[in-house]
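Dear colleague,

I am passing on the structure we talked about, and below it you will find my notes on what turned up in it. Please read them with the model open beside you.

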Amino acid sequence: GGAIFFSTTAEGTLSLTDSTFTGNTAGREGGSIYITGCKNYSISGSTFANNESTFGVRGGGAIYSTASEGTMSNVTFIGNHSHKGGAIALHSGSKLTVNSMVAKGNYADAYVSEGNSSIGFGGVFYVNNSTLYLEEKAEGDSIVIGGTEDGEENTAVNGGVIYAESNAVIQMVGAEFIRNSAENGGAIYVASSSILDAVNTTFQN
């Protein structure tokens with residue numbers, strides 16, 4: 001965690017409101033925040049810009065979550081970078097619910113270091129054996145991932161926005177994907193017995 005490493009028991013809580021994380025770097029997972037073992041974290045009204053996880057094999061350019069559960073609302077992710085999950089990586093039974101979000105210019109690219117390698121999975125989200133809910137629940141909620149201007153698209157080698165594997169579950173209601181790109185799965189790449197359920201979701205080139 002380039003800014004915060006949060007390790008706790010199930011009773012611990014993490015709450016971030018109206019916060020800004022800019023230009024943080026982690027040599028391993030979680031460019032800004034590494035969360036482990038937390039069953040109740042919340043992030044609202046916050047911005048993550050130009051953060052990166054440089055050599056972490058599990059990724060998370062802005063946030064890495066393992067065995068944790070949380071919610072996000074009114075969050076913005078711009079220009080974050082990793083090799084798995086340009087903005088967010090979820091591992092080991094994590095669950096994340098996002099109600100309102102803007103994500104632009106995040107990316108996951110290839111690397112080789114210290115005998116480890118990755119070809120770039122999930123420009124915004126990398127979801128491994130975890131659950132991601134993108135759900136506009138209240139009036140005024142919006143989930144807009146990508147954009148119409150050059151540089152606003154999220155990119156990766158596999159899964160321009162989301163890469164899901166190892167029994168991951170992705171559920172989306174009302175999300176909008178705009179001009180995201182990848183060699184395989186311009187918006188979403190689903191592998192390894194994972195599930196995708198999308199309702200009232202827009203994919204726009």
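Two strands are said to pair if DSSP finds at least two bridges between them, and strands themselves are DSSP runs (E, at least two residues), numbered from the N terminus. Please keep in mind that this is a predicted model, in which local features need pLDDT of at least 70 and side-chain atom pairs count only at pLDDT 80 or more, while totals for chains, interfaces and linings use all residues. Residues are numbered from 1 along each chain as its sequence is written, and side-chain values use heavy atoms, with hydrogens and water left out.

Seven strands make up an open sheet with parallel pairing, in the order β3-β7-β11-β15-β21-β25-β29; its edge strands, each pairing on one side only, are β3 (20–22) and β29 (202–204). Within this sheet, strand β15 (residues 101–104) runs parallel to strand β21 (residues 143–146) and is joined to it by three bridges, with Ala103 standing opposite Ile145 in β21.

Strand β19 (residues 125–128) pairs with β23 in the parallel sense over four bridges, and Val127 stands opposite Ala164. Strand β27 (residues 188–190) also pairs with β23 in the parallel sense, over three bridges, and there the bridge partner of Ile162 is Ile188.

Aromatic rings also meet here. Rings of Phe, Tyr and Trp (its six-membered ring) pair if their centres lie within 6.5 Å, and planes under 30 degrees apart count as stacked, over 60 as edge-to-face and the rest as tilted; by this rule the count comes to nine aromatic pairs. Phe121 and Tyr126 form a tilted pair, at 6.4 Å centre to centre and 55° between the planes, whereas Tyr126 and Tyr163 form a stacked one, at 6.0 Å and 10°. The latter pair links distant parts of the chain, since Tyr126 lies in strand β19 and Tyr163 in strand β23, 37 residues apart. Tyr126 counts as buried because its relative accessible area is 1%, and Tyr163 because its relative accessibility is 6%. Phe121, Tyr126, Tyr163 and Tyr189 form one aromatic cluster.

Conventions:
Buried means under 20% relative accessible area, exposed over 50%, partly exposed in between (1.4 Å probe, protein chains only).
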